[in-house]
Amino acid sequence: MIKSWMVIGGVAFLVALASSLIRPRDIKWFNRLQRPKWLVFEKAIPVIWTVIFICAAWSAVIVWEKEPGTSATWLRMGLYLLLELVTIAYTPVMCIVRSLKVGTIIGGTGAILSIIVALTIWPISSSAALLLLPYIVWSPIGTYTTWEMMNLNPADA
C-alpha cells in the first residue's frame with residue numbers, strides 16, 4: 001500500500017523539478033546581478049528552501065491524515081500545491097522574463113499564500129500550521145532581498 005507521505009513527497013519532488021527549467025543564459029543573467037552587501041547567506045538558500053519544502057510536505061501529510069479523502073482535504077491539498085507552484089515559479093519565471101519586479105511579485109504572492117494556507121489548516125492541526133512557520137518567516141526575507149536587488153540593478157527591475 002502506498003503511504004500518503006510517499007504520494008505527497010513524490011508530488012512535491014516532481015513539482016520541484018520544474019525549477020530546473022532554466023536556460024543557462026537565464027542563470028548567467030541572474031548570476032551577474034548585484035546583491036545587497038548583507039546577503040552573506042546566499043550559498044545556504046538551497047538548503048533553507050529544501051528544509052522549508054520538507055516542513056511543508058510534512059504539514060500536508062498531517063492534514064491529509066486528519067481527514068483523508070474528503071473534499072475539504074482535497075481543497076487544502078490544492079492550496080499546498082498552489083503554494084509550491086508559486087514558490088517554484090519564482091526563479092524560472094523571473095529569469096526567463098529577466099525582471100526582478102516579477103520575482104518580487106511572485107515572492108510576495110508566496111508569502112501571502114503561505115499565511116493563508118497556515119490559517120486555513122490551523123483548525124485542523126496547529127502542528128501542521130506551525131510547520132509552515134519556516135516558509136512564513138523566510139519568504140518575506142527572500143522577497144525583500146529581490147526587492148533590494150531591484151534597487152541595485154535598476155536596468156533589470
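These are my notebook entries on a predicted model of a protein chain.

**Ground rules**

I number residues from 1 along each chain as its sequence is written, and I keep to heavy atoms for side-chain values, leaving out hydrogens and water. Since the model is predicted, local features need pLDDT of at least 70 and side-chain atom pairs count only at pLDDT 80 or more, while totals for chains, interfaces and linings use all residues.

**Overall fold**

I started with the secondary structure and found 7 helices and 0 strands in the protein chain. Helices here are DSSP runs of H or I with at least four residues, strands are runs of E with at least two, and numbering goes from the N terminus. Reading along the sequence, I get α-α-α-α-α-α-α.

How compact is the protein chain for its 157 residues? Its radius of gyration is 16 Å, close to the 15 Å from the globule rule, so the chain is as compact as a globular protein of that length. (The radius is taken over C-alpha atoms, and the rule is 2.2 Å times the number of residues to the power 0.38.) The C-alpha atoms fill a box of roughly 50 × 25 × 25 Å along the principal axes.

Next I checked burial, and 43% of the 157 residues count as buried. Buried means under 20% relative accessible area, exposed means over 50%, and partly exposed is in between, with a 1.4 Å probe and protein chains only.

I also looked at contacts, meaning heavy atoms within 4.5 Å. Among those between residues at least 6 apart in sequence, 78% join residues at least 24 apart.

**Largest pocket**

I needed the pocket rule before anything else. On a 1 Å grid over the protein atoms alone, a pocket is an open set of points with protein on both sides within 12 Å along at least five of seven lines, a cavity is a set where a 1.4 Å probe fits but cannot get out, and lining residues have an atom within 4 Å of a point. Points are joined across faces, edges and corners, and the volume is the space filled by probe spheres set on them.

The largest pocket holds about 800 Å³ of space. It has 32 lining residues, and I45, P46, W49, Y90 and T91 sit closest to its centre. Two or more lining residues come from each of α2 (24-32), α3 (45-66), α4 (71-97), α5 (100-121) and α7 (133-152). Which helix gives the most to this lining? That is α7, with 9 residues.

I sorted the lining by class and got 18 nonpolar, 12 polar and 2 charged residues. For this, Ala, Val, Leu, Ile, Met, Phe, Trp, Tyr, Cys and Pro are nonpolar, Asp, Glu, Lys and Arg are charged, and the others, Gly among them, are polar.

**Second largest pocket**

This one has about 400 Å³ of space. Of its 19 lining residues, I8, V11, A60, M77 and Y80 are closest to the centre. I see at least two lining residues from each of α1 (4-17), α3 and α4, and α4 gives the most, with 7. By class, the lining has 16 nonpolar, 2 polar and 1 charged residues.

**Cysteines**

How many disulfides are there? I count 0, using the rule of a pair of cysteine sulfur atoms within 2.5 Å. C55 counts as buried because its relative accessibility is 14%, and C95 is buried too, at 0%.

**Single residues**

I picked T146 in helix α7. Is T146 buried or exposed? T146 is buried, because its relative accessible area is 1%. Leaving aside residues up to four places away in sequence, T146 touches Y90, M94, L100, G103 and T104.

R98 is in the loop between α4 and α5. Its phi is near 50°, a positive value in a residue other than glycine. At 33% relative accessible area, R98 is partly exposed.

L17 lies in helix α1 and is partly exposed at 41%. L17 and L133 are 116 residues apart along the chain, with 23 Å between their C-alpha atoms.

I finished in the segment after α7, where I found P154 and A155. P154 counts as exposed at 61% relative accessibility, and A155 counts as exposed at 79%. A155 and L100 are 55 residues apart in sequence, and 9.6 Å apart from C-alpha to C-alpha.
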